[in-house]
Amino acid sequence: MSYSKSLLIVFSLFLQSLAEELEAPIQSDSIPNPEAPKLNPNAFVFNASNYKLEGLVILTIIFYTINYFIGSAENKTIIKKLEEPIKAVLKRHFYSANDERRIFEVDSPSDVLIYASGRRNCVSLQGHVQSFEIILDQDKADGFVFAVAPKNKSKFLLQDRHDISSFTTILNSDKVDSKTVVFSETSEATNLLLSTELPHYLDKKTGLLSELYISDQPDKKPDELNFATSKRLTAVLRIPKLNETGISQLVENIEFVFHLIDVVCESIKLKPDTLKKLEKSRVSAYKDLKRKEEFKKQEEALKAAALKKKIERESIERLPADQRRKAEEKLKAKAEKKKNQKRVVMK
């Protein structure tokens, strides 16, 4: 029996015991029974049945603790097995990976952060053992959104990711299996990507690639119009069997992910009409932010004008009477002139 099943059984017993205690009838002592034996307040008799709930709580804590340490140990074993193969493939592609001290950084006892830079067509790579985010060369890569993921995750992605929900549509393709969903913004990029070996590596029987995202838009919708953007490629991989065949398969899949960097930056060159269409969709997606920015500028302009007027008024009030009168007349004439200019514009 696995530890997760054991934990489930203990938790079920815990809930059952709690329900029993809550449902147990409350004994009323309002009517004393003269025939009942008198209790000795100094005598203590331990009865395990009275501590059933507490015992189950302790057991649950013990099982969770054991499960945590077993899970951590398993993760450490996975990292230890995969660390050297991943380092080797990174060294073949990224210059900075030749300094091993800069590749892996311990994030927790059971996880590591990976960082590398110094490769054509990209700025950097960062991620974990199972996932990589690659910042592409912003000048070489065209901006578009594309994704492939398990079908059971599609609803979550459409709700959680702004770039996917705002710029893509679900594409039915016979090049991927029925349990995989394709999100496409432009058929030009999608057709080229699916013509590579991508379907092969997405297939659970032949590959380890679980999810792939290529995007020039933020995951979460920004609050301000002037937000930072970056063209990036993100890949999520399944952990293989920790034998020679499985590790070799992982290396092959990572090599393919790095090959996609060159496909995006060198092979996908969208037509000018397509680029205009994508730019138009981006303007439309952030119309509300543009209105918000314009309203903000108007508010700031009104505040600045009110402050200027207040400073002018305060400075006039500090002048001697004759100078104050002249300044007020001048200010009044200026306001009248401005008012007349507005009338001319309205006509």
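Is leucine 59 buried, partly exposed or exposed, and what is its relative accessible area? Leucine 59 is partly exposed, because its relative accessible area is 38%, and the class covers values between buried (under 20%) and exposed (over 50%), with a 1.4 Å probe and protein chains only. The model examined here is predicted: local features need pLDDT of at least 70, side-chain atom pairs count only at pLDDT 80 or more, and totals for chains, interfaces and linings use all residues. Residues are numbered from 1 along each chain as its sequence is written, and side-chain values use heavy atoms, with hydrogens and water left out.

The overall picture comes first. The protein has 10 helices and nine strands, where helices (H or I, at least four residues) and strands (E, at least two) are DSSP runs numbered from the N terminus. Of the 347 residues in the protein, 33% are buried. The accessible surface comes to about 23400 Å², and carbon and sulfur atoms account for 55% of that surface; accessible areas come from the Shrake-Rupley method with a 1.4 Å probe, and for residues only the protein chains shown count as cover.

Leucine 59 belongs to helix α2, which spans residues 52–93. Together with Ile58, Ile62 and Ile66, Leu59 forms a nonpolar patch on the surface, and the four share about 320 Å² of accessible area. Patches of this kind are made of residues with over 30% relative accessible area and no salt bridge; like charges are joined within 9 Å, and nonpolar side chains (Val, Leu, Ile, Met, Phe, Trp, Tyr) within 5 Å.

A pair of aromatic rings is described by the distance of the centres and the angle of the planes. Rings of Phe, Tyr and Trp (its six-membered ring) pair if their centres lie within 6.5 Å, and planes under 30 degrees apart count as stacked, over 60 as edge-to-face and the rest as tilted. By this rule there are five aromatic pairs. One of them joins phenylalanine 94 and phenylalanine 258 edge-to-face, at 5.4 Å centre to centre and with 80° between the planes. This pair links distant parts of the chain, 164 residues apart: phenylalanine 94 sits in the loop between α2 and β1 (104–108), and phenylalanine 258 in helix α7 (residues 244–267). Phenylalanine 94 is buried, at 1% relative accessible area, and phenylalanine 258 is buried as well, at 0%. Ring pairs also bring in Phe132, giving a cluster of Phe94, Phe132 and Phe258.

Salt bridges come next. Side chains of opposite charge can pair when their charged atoms come close. With a salt bridge taken as a side-chain nitrogen of Lys or Arg within 4 Å of a carboxyl oxygen of Asp or Glu, the structure holds 15. In one of these, glutamate 266 meets arginine 120, the closest N and O atoms being 3.8 Å apart. Here glutamate 266 in helix α7 and arginine 120 in the loop between β2 and β3 are 146 residues apart. Glutamate 266 counts as partly exposed, at 44% relative accessibility.

Another salt bridge joins lysine 220 and aspartate 160 (2.7 Å, N to O). Lysine 220 lies in the loop between β8 (209–215) and β9 (232–237) and aspartate 160 in helix α3 (residues 154–160), so this pair ties together parts 60 residues apart in sequence. Arginine 161 forms a salt bridge with aspartate 219, with 3.0 Å between the closest N and O atoms. Arginine 161 counts as buried, at 12% relative accessibility, whereas aspartate 219 is partly exposed, at 31%. Both residues belong to a salt-bridge network that also includes Glu133, Asp163 and Arg232.

A charge sits over a ring if NZ of Lys or CZ of Arg is within 6 Å of the ring centre and within 35 degrees of the ring normal. Arginine 282 likewise lies over the face of phenylalanine 167, at 4.8 Å from the ring centre.
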